[in-house]
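Here is a friendly walk through one protein chain, with an eye on how its parts touch. Have a look at the model before reading on.

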Amino acid sequence: MASEQDVRARLQRAGQEHLLRFCGELAPGPRAALLAELEALEPDALREHCRRAAAACARPLGPLPDLAARLQPLPPERVGSASRSDPETLRLWEEEGFHQIAQNKVAVLLLAGGQGTRLGVTYPKGMYQVGLPSQKTLYQLQAERIRRVEQLAGQRYHTHCTIPWYIMTSEFTLEPTAKFFKEHGFFHLDPDNVIMFEQRMLPAVTFNGKAILERKDKIAMAPDGNGGLYCALMDNHILEDMERRGVEFVHVYCVDNILVRLPDPVFIGFCVLRGADCGAKVVEKAYPEEPVGVVCQVDGVPQVVEYSEISPEIAQLCGPEGGLLYSEGNICNHFFTRGFLQMVTREFEPLLKPHVAVKKVPYVDEEGNLVKPPKPNGIKMEKFVFDVFPFAKNFVAFEVLREEEFSPLKNADSGDRDTPSTARRALLAQHYRWALRAGAQFLDACGARLPELPSLPGSGDPPVICEISPLVSCFGEDLETYLQGREFQSPLILDENRARALRP
């Protein structure tokens, strides 16, 4: 380990010597830990990181002034749709997706490096329960969807297939996630096929370009964003592991979407048959000012433009058919070929530009007292997973219905959107629709039939509580076997045991 003198010299070179101001007060253990942490920071890279963070934060926010002339919607030939395509086309896409899955060529990759701070919890979001009757967590729902798709693909092609699950964690989430999976027996997945790896961490920086001490013996560090995926793939030799397993296609998604389909054979089949090396699922924006990035073209190149960079005038433009011209909302759900990921990690990762996130960062003041700031005081630099879209040779987008595939969990129930309550309602309402389509009928407390398609209220749970285990049906498939022509009272919890009992 380097001496204090050596570390101090390195920090002087980086302009960050203040990080050692409490070193003389520390006991041997914390002192050694701080020196080891500081020794790992390359001086030139640290200096440049802090400079870029302060400079980026100082730039004015708001719409880009020259964007209007450079912006275009994606060409129609680059866009597929789950709702507007004919049944035969959808069947062909699904068949191709299942075919690739059955050949063990498909993996899923979960972006799970963030904590549940905005939810008001200290543990990873994947461990969160939104209040379903089954009390399943996000991790369990996703694990069971993987198991079900393996089963469906195996049944179609009379083979045993495996879908490796790669989980990108961070310093904050790796240990609790690994412990959680072990305590739950990996949700009956083979532990060898659940591969957890860690993304890099970057120092949080003040507005004047100084790295922040969160304790006397520790720098304030933050994950480098979901775009840290590409460095993490290199650092942890993940692409080599994929190659060894024969994986050719990767379905990447974010942990907090309770409705995520993974892996989605229709999306995968669409991308494969289009010869895409990179793809994105999108939903139609709910309204012009909705705070979601827009998948579009800038200077003829596909990319995601953040909502804050688009002026209200552009956001409200309508296309020839009357809908929003820039309507393709990004939902952090992507397709990549392994070859494309290899190209990005070899050639393009250094070109990705970090984005500024202004946050409240706890710190120690000059007297060594811990301060929890009441308003944002620091900068965390993040890369975004979608920043690689411009490097694709054949980029495609795939439109899906929001009510079927997108309900993110971001905020505590005190918020007005993207809360545990909205996520729970979205899943229960989806399962209710599936049950009705499968021919189920529901009775109220007095035994009277509920309307076949009752209106679903904007607040509160659906009029019928219906939860369907992913192990029974992942996409609403095969439910007629258990539900057609039957009457149920709420709640209906269709797990594997109930399904066996209902099987004719």
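The report below covers a helix pair and then the salt bridges.

This is a predicted model, in which local features need pLDDT of at least 70 and side-chain atom pairs count only at pLDDT 80 or more, while totals for chains, interfaces and linings use all residues. Residues are numbered from 1 along each chain as its sequence is written, and side-chain values use heavy atoms, with hydrogens and water left out.

**A helix pair**

Helix 4 spans residues 87–102 and helix 5 spans residues 138–157; their axes come within 9 Å and cross at roughly 95°. Helices (H or I, at least four residues) and strands (E, at least two) are DSSP runs, numbered from the N terminus. The axes are lines fitted to C-alpha atoms over the stretch in contact, and angles run from 0 to 180 degrees between N-to-C directions. Helix 4 and helix 5 are therefore roughly perpendicular to each other, a label used for angles of 65 to 115 degrees.

Helix 4 brings E94, E95, F98, H99, I101 and A102 to the contact, and helix 5 brings V149, L152, A153, R156 and Y157. Contact here means heavy atoms within 4.5 Å. These residues divide into 7 nonpolar, 1 polar and 3 charged. Ala, Val, Leu, Ile, Met, Phe, Trp, Tyr, Cys and Pro count as nonpolar, Asp, Glu, Lys and Arg as charged, and the others, Gly among them, as polar.

**Salt bridges**

A salt bridge is a side-chain nitrogen of Lys or Arg within 4 Å of a carboxyl oxygen of Asp or Glu. By this rule the model has 37 salt bridges, including these:

| Pair | N to O distance |
|---|---|
| R21 and E366 | 3.8 Å |
| D299 and R70 | 3.0 Å |
| D256 and K125 | 3.1 Å |

D256 lies in the loop between strand 11 (249–254) and helix 9 (265–273), and K125 in the loop between strand 3 (106–111) and helix 5, so this pair ties together parts that are 131 residues apart in sequence. Are these two partners buried or exposed? D256 is buried, with a relative accessible area of 5%, and K125 is buried at 13%. Buried means under 20% relative accessible area, exposed over 50%, and partly exposed in between (1.4 Å probe, protein chains only).

R21 is partly exposed at 32%, while E366 is exposed at 59%. D299 is exposed at 51%, and R70 is partly exposed at 29%.

Note on methods
Angles under 35 degrees count as roughly parallel, over 145 as roughly antiparallel, 65 to 115 as roughly perpendicular and the rest as oblique.
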